[in-house]
Amino acid sequence: TRQKLSQIQQWEPIIRGRLPCGAVLAAIEQTVPADAVLEKIGIESSRYQALPVVGGTYRVPESYTLSIQGSLKFGHAEELEAFTNELKKDLPAGSQVLRSKLLEGTESLVPFHLVYSIRPAGNYSTLGVQRIADPDRL
């Protein structure tokens, strides 16, 4: 059993380094303004660290990029800043806004592009993900 526990503990940094994408999408859904239409959401991982596990190595992302493209109704462009800041509060601690920009649009819609940098930390309580109470009980 100690060997199995040791193998499970090897996976801890891998699990901690994973981003709960479903929780990120839920946070976007809960914070998006009513006058916005989302057109594209992308979550990409980058900068990998190779961690040894039984049977080989596992590439763990050290960073994620969240990209959101959409449009706001004309006259509601000020809602982009509120959306940008509200979503940042829900993302894991240390997340940064890399880009929050309104683009040129038509008379009825104003396109926007948001880009966040997210560093996985293992604590995703701001996203509504609860931590296992006592991981040592394995």
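**Close-up 1. One aromatic pair turns up when the whole structure is searched.** This is a predicted model, and the pair in question is F83 with F112. The ring centres sit 6.3 Å apart with the planes at 80°, so we call this one edge-to-face, the cut-off for that label being over 60 degrees. The two partners come from distant parts of the chain, 29 residues apart: F83 belongs to helix α4 (residues 79–90), while F112 belongs to strand β4 (residues 109–118).

Close-up 2. Buried here means under 20%.

**Close-up 3. Strands β3 and β4 make a hairpin.** Six residues lie between the two strands. β3 (residues 96–102) and β4 run antiparallel and are joined by six bridges. To pick out one of the pairings, look for Q96, whose bridge partner in β4 is S117.

Close-up 4. Y58 comes from strand β2 (residues 56–73). With a relative accessibility of 30%, Y58 counts as partly exposed, because that class runs between the 20% limit for buried and the 50% limit for exposed.

**Close-up 5. R59 lies over the face of Y48.** Here an arginine meets a tyrosine ring: R59 is 3.9 Å from the ring centre of Y48.

Conventions
Residues numbered from 1 in each chain as written. Predicted model: local features only at pLDDT ≥ 70, side-chain atom pairs only at ≥ 80, totals over all residues. Heavy atoms only, no water. Helix = DSSP H or I, 4+ residues; strand = E, 2+ residues; numbered from the N terminus. Buried < 20%, exposed > 50% of the residue type's maximum accessible area, 1.4 Å probe, protein only. Phe/Tyr/Trp six-rings, centres within 6.5 Å; stacked < 30°, edge-to-face > 60°. Lys NZ or Arg CZ within 6 Å of the ring centre and 35° of its normal. Pairing = 2+ DSSP bridges.
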